[in-house]
Amino acid sequence: MRRAPIAAVVLAIFSTPARRVSAEPAPATTPAGAPVVPPPVTPPTAEGNTDVPYPEGASGDATVELELDVDKDGRVVRAAVVSGEAPFAEHARRAVLTWRFAPARRGNAPVAARIKARVAFQQEEPASAATAPGSSQGATPTPPVKPPEPRANAAPIVVEVRGVRHEIGETTLGSAEVREMPGTFGDPFRAIEALPGVMPIVSGLPYFYIRGAPPNNNAYLLDGIRVPLLFHVGIGEAVIHPALIEHVDFYPGSAPAAYGRAAGAVIAGQTREPPAIAHGEVNLRLIDAGALLESPLADGRASVLVAGRYGYPGPILSAITSSVKLGYWDYQARATWRFADRDTLGIFAFGSHDYLGTAPTRNGQVGPVTEQLGSDFHRLDLRYDRALEDGRLRFAITLGYDSMGGAGESDSPAPAVTTVTNRSAAARLEFEQGFSSALRLRAGMDAQLDHYRLTQGQAPLDENGLPFPQVPSTADPPPTNVTSGAHADVVWRVTERVEIVPGVRVDLFESRRSSTPSAAGASTFVPAVDPRLSTRVTLTPWLKWLSSVGLTHQYPVLRVGAIPALLVSVPGFPTGDSQLQTALQVSQGAEFMLPWDFTLTTTGFLSGWSGLTDLTSNCLQIQPPVQQAQPGNMGPPPVPWTCPSNDPARGIAYGLEVLLRRPLTKRLTGWLAYTLSRSVRREHFITLSGGDALAKVVSDNDRTHVLNAILAYDLGRRWRAGGRFLFLSGTPYSTLAGNVPAPPYNNRRTPPFYRVDVRVEKRWPFAKDGFIAFIAEVQNVTLSKEVTPYGTDCTGNQTAQGGDYTTECRPSSVGPLTLPSLGVEASF
């Protein structure tokens with residue numbers, strides 16, 4: 001009986017940009033003649049059993065060459081057949097997906113790598129008969145011929161080592177790393193707050209100014225799919241299960257040409273590749289529960305994933321306040337089918353729901369709950385992927401539905417709810433091809449249709465039978481936007497130490513608005529060209545110089561009723577205007593590789609805007625400092641709402657960023673992020689008469705100093721503890737005449753704010769590669785309150801003579817926003 005032999009395996013490691021390892025490399029030299037020794041790179045090495053059995057029913061010899069992606073944990077996350085015949089090719093591909101590696105390392109830091117594996121199948125010779133033909137019974141049998149051992153091609157081969165290339169100006173947060181960061185609750189997206197250049201509107205809430213750009217100018221993407229938000233309202237959990245995220249790429253300034261239509265930062269999440277074996281994760285906490293399950297199918301040619309989270313913060317909130325209602329959930333589902341060696345079809349569906357309601361309290365009695373924010377969004381992405389020789393191709397179609405609305409601020413006992421919906425359809429083509437170890441082309445095209453609709457409930461009547469004033473919406477009538485674009489850039493390694501990435505993006509913005517659904521309306525069409533250029537120069541093995549400059553455009557932002565624009569807004573041109581928001585982003589920096597796996601990055605940046613529409617300031621009902629008393633000692637009657645002008649303005653931001661980090665997976669880890677910056681712009685202010693005043697001021701959310709310091713330590717016996725310290729200097733605000741800003745504008749600052757977060761984790765091994773963990777985490781254990789100019793406390797009282805009303809207003813305090821979390825997490 002023939003025994004299935006084991007295939008011979010030969011590995012070759014490679015990636016981009018390549019550095020060929022030869023027997024006697026010629027050292028590079030600096031101008032001074034000193035040799036430049038590149039950072040040592042160790043290729044991944046296979047661990048454990050890498051035997052590949054001979055396929056049943058096959059015959060003959062065969063060789064299969066595969067391309068494998070090995071992540072920083074040593075897992076094979078992708079295997080593609082480069083060459084080979086059936087049934088050997090698929091048999092080898094399935095087998096290598098189960099291999100484990102000691103990961104590649106650049107210096108002492110583990111890095112992901114792409115390798116080539118050659119699997120040689122060799123059929124054994126059949127064993128000789130036990131006795132020779134014609135031999136008589138009783139003769140001494142001839143011993144069987146021992147089968148030959150499988151022959152492995154052990155000849156040395158040329159090895160090309162390529163580290164994983166990071167984009168210039170990019171900060172990448174690995175999911176496995178940041179899930180242990182204190183204050184993030186295991187969420188990779190929440191770690192954005194700990195990066196330089198990021199300034200939260202209010203500490204603990206996921207709405208950020210980034211290098212001076214307001215929150216509405218930041219782009220959120222998942223696998224290249226544009227989404228309206230990445231966080232649930234209130235406590236700021238991400239709308240994607242953290243176990244589905246491979247890494248988060250953060251571009252605070254000029255991003256690659258593939259990213260456009262955002263005059264601010266880009267936050268792009270990337271999901272994990274389907275695994276070779278079934279796995280899952282379950283999370284159970286005081287405020288929510290989540291799970292993720294994924295399994296390969298059809299001998300590894302297909303996969304299916306389901307995940308989701310359901311929030312039940314009611315019991316926690318009710319212990320704090322009875323006037324706030326909060327709920328949320330999200331879901332994700334994915335299926336893939338590899339119908340050929342290089343071709344894969346996939347479908348990815350995900351979405352989320354949020355509800356925030358508040359109830360007024362009068363005379364100690366809690367009134368009915370009013371919806372302040374209701375948010376739903378859903379995405380369905382159909383994609384085709386083809387693996388090219390040193391490249392890839394993707395074509396995808398995305399359908400979307402968004403619904404966001406609420407009552408916002410109103411003095412009405414039953415305020416009307418304003419809701420904006422968007423039905424969208426998008427298509428994108430992504431292409432990447434390496435032509436050599438020094439040259440790689442990336443290009444693509446995309447188009448998107450957004451059809452907005454705005455509904456506003458009928459205003460209730462006051463005690464005199466008159467309707468309460470409604471907050472005006474610049475998004476009324478709602479727009480229909482058609483946006484298309486094309487982009488290309490070239491990653492060119494000019495020399496061993498110099499890399500430049502020139503690129504360009506061309507976008508066409510078209511928006512149509514009509515007063516009625518049946519009317520044709522007026523159309524505004526504006527083209528835009530965005531050149532980009534980034535450079536990386538390796539000066540020494542431990543020092544790199546980084547430079548980037550780019551231009552980017554996006555639609556203006558329109559206001560939706562009384563809902564704060566931070567939560568809900570609509571892109572489109574204001575009536576009679578055709579100016580895009582334009583940002584010029586420049587940065588220069590240096591990256592230092594320090595001992596003990598520390599990395600230090602220092603960056604100076606300059607960002608300038610024209611056509612800026614910043615809707616951070618809310619609409620208000622003007623309350624003068626002195627108002628005439630009403631008959632019967634009644635208070636002043638309701639007055640109409642007035643909103644800051646939506647006219648475009650100019651702004652500039654500049655500063656210095658410092659990031660010192662050691663991988664959070666180390667036993668002792670450290671992280672220090674500091675930003676020194678200033679943001680100045682021309683801003684619109686409401687006057688007491690209801691008019692508009694334009695003044696050059698320090699921006700509303702300008703924070704001179706922002707500091708994040710993190711320290712974590714592995715205590716042994718699978719215990720890990722860490723803490724995080726956050727310091728924010730105060731933000732500017734104006735003195736108030738009544739509740740209206742008074743000049744000189746933004747000449748005062750709120751007090752500084754700090755908070756401390758802590759995290760403790762204990763793990764127990766579970767099954768073969770799984771674990772069960774108990775996690776205790778608290779954000780803001782110091783119970784710090786933050787003073788913010790985005791809300792005001794106003795009181796109105798009659799004068800001593802019983803005549804006029806006097807109104808006194810001051811910035812309000814928020815918090816303490818203290819979020820405790822106790823939970824159990826299991827991975828298997």
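In the predicted model, strand 30 is joined to strand 31 by a hairpin of 2 residues. Strand 31 covers residues 439–456, and its antiparallel pairing with strand 30 extends over 18 bridges. Within this pairing, alanine 426 has glutamine 448 of strand 31 as its bridge partner. Strand 30 (residues 418–436) also runs antiparallel to strand 29 (residues 391–406), to which it is joined by 16 bridges.

The protein as a whole contains 56 strands and 3 helices. Of its 828 residues, 49% are buried. Among contacts with a separation of 6 or more, 67% are between residues 24 or more positions apart. The accessible surface amounts to about 36600 Å², and carbon and sulfur atoms account for 60% of that area.

Helix 1 (residues 88–96) is mostly covered, with 8 of its 9 residues buried. The buried residues are Phe88, Ala89, Glu90, His91, Ala92, Arg93, Ala95 and Val96. Their cover includes strand 7 (62–70), strand 8 (76–83), strand 12 (113–121) and strand 24 (324–338).

The largest nonpolar core comprises 62 residues, of which Ile192, Ile267 and Trp671 touch the most other members. Beyond its neighbours within four places in sequence, isoleucine 267 contacts Phe189, Ile192, Ile210, Ala219, Tyr220, Leu221, Leu230, Val248, Asp249 and Phe250. Another core, of 23 residues, lies apart from the largest one and has Leu68, Phe88, Ala92 and Trp99 among its members. Of these, Phe88 and Ala92 are also buried residues of helix 1.

On the surface, a nonpolar patch is formed by Val282, Leu286, Leu293, Val306, Trp764, Phe766, Ile772, Phe774, Leu822, Val824 and Phe828, which together have about 910 Å² of accessible area. At least two residues of the patch come from each of strand 52 (753–766), strand 53 (770–779) and strand 56 (819–827). Leucine 822 is located in strand 56. Its relative accessible area is 41%, so leucine 822 is classed as partly exposed.

Several loop residues were also examined. Asparagine 701, in the loop between strand 45 (692–698) and strand 46 (705–716), is buried because its relative accessible area is 2%, below the 20% cut-off. Not counting residues up to four places away in sequence, asparagine 701 touches Met199, Pro200, Ile201, Tyr209, Thr731 and Tyr790.

Most residues other than glycine have a negative phi, and most peptide bonds are trans. Arginine 211 is not a glycine, yet has a positive phi of about 50°. Arginine 211 occupies the loop between strand 16 (208–210) and strand 17 (219–222), and is buried at a relative accessible area of 8%. Leucine 783, likewise not a glycine, has a positive phi of about 55°. Leucine 783 belongs to the loop between strand 53 and strand 54 (786–798), and counts as exposed with 52% relative accessibility.

Cis peptide bonds occur in loops as well. Aspartate 476 and proline 477 are joined by a cis bond with omega of about 5°, and proline 477 is in the loop between strand 31 and strand 32 (479–493). The bond from proline 743 to proline 744 is also cis, with omega near -5°. Proline 744 is placed in the loop between strand 50 (740–741) and strand 51 (748–749).

How values were computed: Residues are numbered from 1 along each chain as its sequence is written. This is a predicted model: local features need pLDDT of at least 70, side-chain atom pairs count only at pLDDT 80 or more; totals for chains, interfaces and linings use all residues. Side-chain values use heavy atoms; hydrogens and water are left out. Two strands pair if DSSP finds at least two bridges between them. Helices (H or I, at least four residues) and strands (E, at least two) are DSSP runs, numbered from the N terminus. Buried means under 20% relative accessible area, exposed over 50%, partly exposed in between (1.4 Å probe, protein chains only). Contact means heavy atoms within 4.5 Å. Patches are made of residues with over 30% relative accessible area and no salt bridge: like charges are joined within 9 Å, nonpolar side chains (Val, Leu, Ile, Met, Phe, Trp, Tyr) within 5 Å. Accessible areas come from the Shrake-Rupley method with a 1.4 Å probe; for residues, only the protein chains shown count as cover. A salt bridge is a side-chain nitrogen of Lys or Arg within 4 Å of a carboxyl oxygen of Asp or Glu. A nonpolar core is a set of buried Ala, Val, Leu, Ile, Met, Phe, Trp, Tyr and Cys residues joined through side-chain atoms within 4.5 Å.
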